[in-house]
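Please keep the sequence and the structure open while reading.

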Amino acid sequence: MTSFPYRLTGPIGAKATLGLIVLQVDETVEQDFRRAFAVPDVALHMSRIPSGAELTPGTIAAMEAELPRAAALLPPSAQFDAVGYACTSGTTLIGAQKVTSLVTGSANTRAVSNPLTASVAALQVVKARSIAIVSPYIASVADAISMTFGAHGFDVRDTISFGEDIEARVARIDPQSIHAAAMQAGRADGVEAVFLSCTNLRTFDIIDDLENRLGLPVISSNQALVWHMARSCGAPVTAEAPGGLFRL
């Protein structure tokens, strides 16, 4: 063997270093993040967290015990500008503050985000107080989401759900079905914005068209999480990030 000298350089994320904790069964959010953050010098590191095949309050809440281990699997030498826990319903049942505590205990990060906190912030920025929600969840999970937004001061005028408890099927819900549900939700009396809940729903390619047709802001879990994490550290996003939210 011949030894050869080398130099060390800085981290890949010269503009931002981001981490994302993704559910084992989620097939959508990682793809959306890679589209939105396909920018030179933005490092995007993923970890997966065990999650049940069925979407129930019990399986969602069980992720609380796994969250520190999933966060610890992110590169330990990286200094993260932001780490996101990519589960709207999980954050609702575990609690946003608890999620932040569990992640910061295991990952070296300046900020922690999640789709619930991000979506609340996004809806406040677009000045929407009366909202309609579209989700894939069964009633017990969908009701918890609606109640949580109500507790944050929003008037939830309508909640439409596909009633699906199998996560593998959630990732296969046709975006046109989501589009049709959002159109109906957005036409409810007094609605000022539509929220598309769940990181496994394919929403990126329908948000702009929905906003044009409804004349209302449309916020999705993945879009809001991208926006919130980018905003927290100044990370640039591509034109693939949809919606008027990114133009405010």
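Between domain 1 and domain 2 there are 2 salt bridges. The model in which they occur is a predicted one.

Several helices take part on the domain 1 side. At least two residues each come from α1 (29-36), α2 (57-61), α4 (88-94) and α11 (221-233). Helix α11 contributes the most to this side, with 5 residues. By residue class, the side of domain 1 that touches domain 2 consists of 18 nonpolar, 11 polar and 8 charged residues.

The domains themselves come from the domain assignment of the protein. Domain 1 is given as two segments, 16-114 and 225-247, while domain 2 is given as 117-220. In the contact, domain 1 is represented by 37 residues and domain 2 by 32 residues. Taken over C-alpha atoms, the centres of domain 1 and domain 2 lie 19 Å apart.

How much area do domain 1 and domain 2 bury between them? The size of an interface is often expressed as the accessible area that is lost when the parts come together. For domain 1 and domain 2 this is about 2,600 Å², and carbon and sulfur atoms account for 61% of it. Of the area that domain 1 buries against domain 2, 23% is supplied by Leu 55, Thr 88 and Pro 242, more than by any other three residues.

The model also contains a sheet. Strands of a sheet pair through backbone hydrogen bonds, in either a parallel or an antiparallel sense. Here, 4 strands form an open sheet with parallel pairing, in the order β2-β1-β3-β4. The edges are formed by β2 (42-49) and β4 (112-113), each of which pairs on one side only. The strand paired with β4 is β3 (residues 82-86), and this parallel pairing runs over 2 bridges. Gly 84 has Ser 113 of β4 as its bridge partner.

Back at the level of side chains, the structure holds 10 salt bridges. One of the salt bridges links Arg 34 and Glu 30, at 3.2 Å from N to O. Both Arg 34 and Glu 30 belong to helix α1, where 4 residues, about one turn of the helix, separate them.

Conventions. Residues numbered from 1 in each chain as written. Predicted model: local features only at pLDDT ≥ 70, side-chain atom pairs only at ≥ 80, totals over all residues. Heavy atoms only, no water. Domains from an automatic or database assignment. Contact = heavy atoms within 4.5 Å. Buried area = accessible area lost by both parts, 1.4 Å probe. Salt bridge = Lys/Arg side-chain N within 4 Å of Asp/Glu carboxyl O. Nonpolar A, V, L, I, M, F, W, Y, C, P; charged D, E, K, R; others polar. Pairing = 2+ DSSP bridges.
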